[in-house]
Amino acid sequence: MTVAIHATALAPYACHPVASRGRRYTEPSAPTRTEFQRDRDRIVHSTAFRRLVYKTQVFLNHEGDLFRTRLTHSLEVAQLGRSIARTLGLSEDLVEAIALAHDLGHTPFGHAGQDALNDCMGHSDRGGFEHNLQSLRVVDELEERYPAYNGLNLCFETREGILKHCSRTNATQLNAQEPGGVAQRFLTSGQPSLEAQLCNLADEIAYNAHDIDDGVRSGLITLTQLQDVPLFDRFRAEALREYPHLATSPRRLLYEAIRRMLSAQVYDVINATQVAIEAVNPTSVDAVRASRSLVMFGDDMRRESNALKHFLFHNLYRHPQVVRSMAQAKRIVADLFPLYLTTPSEMQSGFAAQAAATLTDSTRARVVADYIAGMTDRFATREHARLTGAAL
Ligand code: MG
């Protein structure tokens, strides 16, 4: 498989920092950094970013020191995304900014936390809870770092990439606040930039690979079980043929198989995307936005990646041990929510004051949801013990 690795200049279909659609609050440009580099730096310095280290990806943070957390996951997404972006002539800086920010809105305890919070926000007019929308809310509203505005005041292109999914109801609401803004494409079925599309796929590549690693490390899935996954097993067999001594080093064999699988997926995305770009020939980012989705796996890799996802869903995410700890996590969120709603003074001062100042159930519930969503796993666990006296 041959792949060009020389592209350094941005392609015409890439997002150029000088052609950015700008920030919500106009600011002078920085003397030494492009706008997307500046966004990346703002994200790295944010409070929400530092919290990612104590937030669950699949395994609860306290279950082991070597499992992925949201932070290491985000770094891996950035690494994969940048490798691909470089070859396709896309903006590496923008890809890095989106990748590092893509999970900022995640609740503690991974998807279990989000599901529980969505249940709490689900009834009456509370508007639900969705982590992509929350990631945007973090960078637009919740970070308090600048004197003149809330949020990080990121570029349109970074915010567009962060809002990866959005329901029609939420998009309508967002678009009313920001006409023609980042939510518009969910109403018109448009696409985001190629950098945003790429982060989406890099996210999938990253978690499929690291969940195999973490799954085997935890003992919840085995190398023998993984022989049923063609995408993985092909590279395991290949590595073993080349290095027979790996038969007695299962961990090195696992790493080598994952490394080969990652490379194959990266090359596949590059090739399939180059073909799609050549076919559509977009000459600007707006042409990309009006076109079909262009960053993709080839058909075979898409099928194999889906089979791997299916395997992980049934054997890891639905493993009784994972389900058990997720049930506890859901209980923590489900218990905390009504406690804060009825006694806002139990929250930290800024949130307590905001909740006290709001009159309607839905606005107060949103303050509580923001507070809980921002928690790390261990802070939520400690708060649960403090407020309920229950030991989980
Ligand atoms: Mg992710």
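This note goes through a predicted model in numbered points, from its metal site to its helices.

1. **Ground rules.** Residues are numbered from 1 along each chain as its sequence is written.

2. **The magnesium site.** Start with the metal. His73 (NE2), His102 (NE2), Asp103 (OD) and Asp203 (OD) coordinate the magnesium ion at 2.2 to 2.8 Å. Donors here are N, O and S atoms within 2.8 Å of the metal (3.2 Å for Na, K and Ca); water is not among the atoms, so sites may look incomplete. Along the chain, the donors follow the spacing H-x28-H-D-x99-D. His73 sits in helix H3 (residues 70–88) and Asp203 in helix H10 (residues 194–218), so the pair links distant parts of the chain, 130 residues apart. Helices are DSSP runs (H or I, at least four residues), numbered from the N terminus.

3. **Burial at the site.** His73 is buried, with a relative accessible area of 1%. Asp203 is buried too, at 7%. Buried means under 20% relative accessible area (1.4 Å probe, protein chains only).

4. **Helix H10.** H10 has 25 residues and spans 35 Å from its first C-alpha to its last, close to the expected 36 Å. The expected span is 1.5 Å times one less than the number of residues. Of its 25 residues, 21 are buried, so H10 is largely enclosed by the rest of the structure. Just after H10, Gly219 takes a positive phi of about 85°.

5. **Two loop residues to check.** Most residues other than glycine have a negative phi. Phe109 has a positive phi of about 65° although it is not a glycine. Phe109 lies in the loop between helix H4 (92–101) and helix H5 (110–120), and is buried at 3% relative accessibility. Asn153 also has a positive phi, near 50°. Its place is the loop between helix H6 (131–142) and helix H7 (156–162). Asn153 counts as buried, at 5%.

6. **Helix H11.** H11 (residues 230–242) has 13 residues and reaches 18 Å between its first and last C-alpha, close to the 18 Å expected. Its buried residues include Leu231, Phe232, Asp233 and Phe235. Arg236 and Ala239 are also buried. The buried residues of H11 pack against H10, helix H12 (250–280) and helix H14 (299–317). Contact means heavy atoms within 4.5 Å.

Methods:
This is a predicted model: local features need pLDDT of at least 70, side-chain atom pairs count only at pLDDT 80 or more; totals for chains, interfaces and linings use all residues. Side-chain values use heavy atoms; hydrogens and water are left out. Buried means under 20% relative accessible area, exposed over 50%, partly exposed in between (1.4 Å probe, protein chains only).
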